[in-house]
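Me: I would like to go through this model with you, one topic at a time. Could you keep the answers plain?

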Amino acid sequence: MNIKADEYTYRVFWSDEDEGYVATVAEFPSLSHIADQQQDALSGLVGLVGDVLSDMAEAEEQPPVPLGRRRFSGKFPLRMTPEQHRRVAIEAAEAHVSINQLLVSRI
């Protein structure tokens, strides 16, 4: 599978603690890059991910599949306590919607 660094899921945000923009990548949670400018944080992390992908290829390791390439069924089983289930059922009934519609509207 030939995966490029720009196929992964990136996020850039300001951090007061770091006094800069922090870029993160969902598929590699241990990686980040900090810079003074948003674009620099993003491009720095994309470069770092590219280096990691090269290292993984040399070691014949499989990189994580980018979220954009993954297929999702649209189904998500959810477990909750009976008390939570009762509260959600009451709230859904009062809103005249199904429990599923209520929960989907919250995410």
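Me: Leaving aside neighbours within four places in sequence, which residues is Glu91 in contact with?
Reply: Glu91 is in contact with Leu102 and Arg106, where contact means heavy atoms within 4.5 Å. This is a predicted model, in which local features need pLDDT of at least 70 and side-chain atom pairs count only at pLDDT 80 or more, while totals for chains, interfaces and linings use all residues. Residues are numbered from 1 along each chain as its sequence is written, and side-chain values use heavy atoms, with hydrogens and water left out.

Me: Where is Glu91 found?
Reply: Glu91 is in helix H2; helices (H or I, at least four residues) and strands (E, at least two) are DSSP runs numbered from the N terminus.

Me: How far apart are Glu91 and Leu102 in space, C-alpha to C-alpha?
Reply: The separation is 8.2 Å, for two residues that are 11 apart in sequence.

Me: And what do the side chains of Glu91 and Arg106 form?
Reply: They meet in a salt bridge, at 1.9 Å from N to O. The term stands for a side-chain nitrogen of Lys or Arg within 4 Å of a carboxyl oxygen of Asp or Glu. Arg106 lies in the segment after H3 and Glu91 in helix H2, so the pair ties together parts that are 15 residues apart in sequence.

Me: Is Glu91 buried, exposed or partly exposed?
Reply: Glu91 counts as partly exposed, because its relative accessibility is 34%. Buried means under 20% relative accessible area, exposed over 50%, and partly exposed in between (1.4 Å probe, protein chains only).

Me: How many salt bridges does the structure hold?
Reply: It holds 2. Besides the pair of Arg106 and Glu91, Glu7 forms one with Arg69, the closest N and O atoms being 2.7 Å apart. That pair links distant parts of the chain, 62 residues apart: Glu7 is in the segment before E1, and Arg69 is in the loop between helix H1 (38–58) and helix H2 (82–95).

Me: What is the accessibility of Glu7, and of Arg69?
Reply: Glu7 is partly exposed at 27%, and Arg69 is partly exposed at 33%.

Me: Turning to the largest pocket, how much space lies in it?
Reply: About 350 Å³. On a 1 Å grid over the protein atoms alone, a pocket is an open set of points where a 1.4 Å probe fits, with protein on both sides within 12 Å along at least five of seven lines; lining residues have an atom within 4 Å of a point. The volume is the space filled by probe spheres set on the points, which are joined across faces, edges and corners.

Me: Which element gives the largest share of the lining?
Reply: Helix H3 (residues 99–105) does, with 4 residues. The lining includes Ile99, Asn100, Leu103 and Arg106, and also His85.

Me: What is the make-up by class?
Reply: The lining has 7 nonpolar, 3 polar and 2 charged residues. Here Ala, Val, Leu, Ile, Met, Phe, Trp, Tyr, Cys and Pro count as nonpolar, Asp, Glu, Lys and Arg as charged, and the others, Gly among them, as polar.

Me: What does Ile99 contact, leaving aside neighbours within four places in sequence?
Reply: Ile99 is in contact with His85, Val88, Ala89 and Ala92. The C-alpha atoms of Ile99 and Val88 are separated by 6.6 Å. Ile99 is partly exposed, at 29% relative accessibility.
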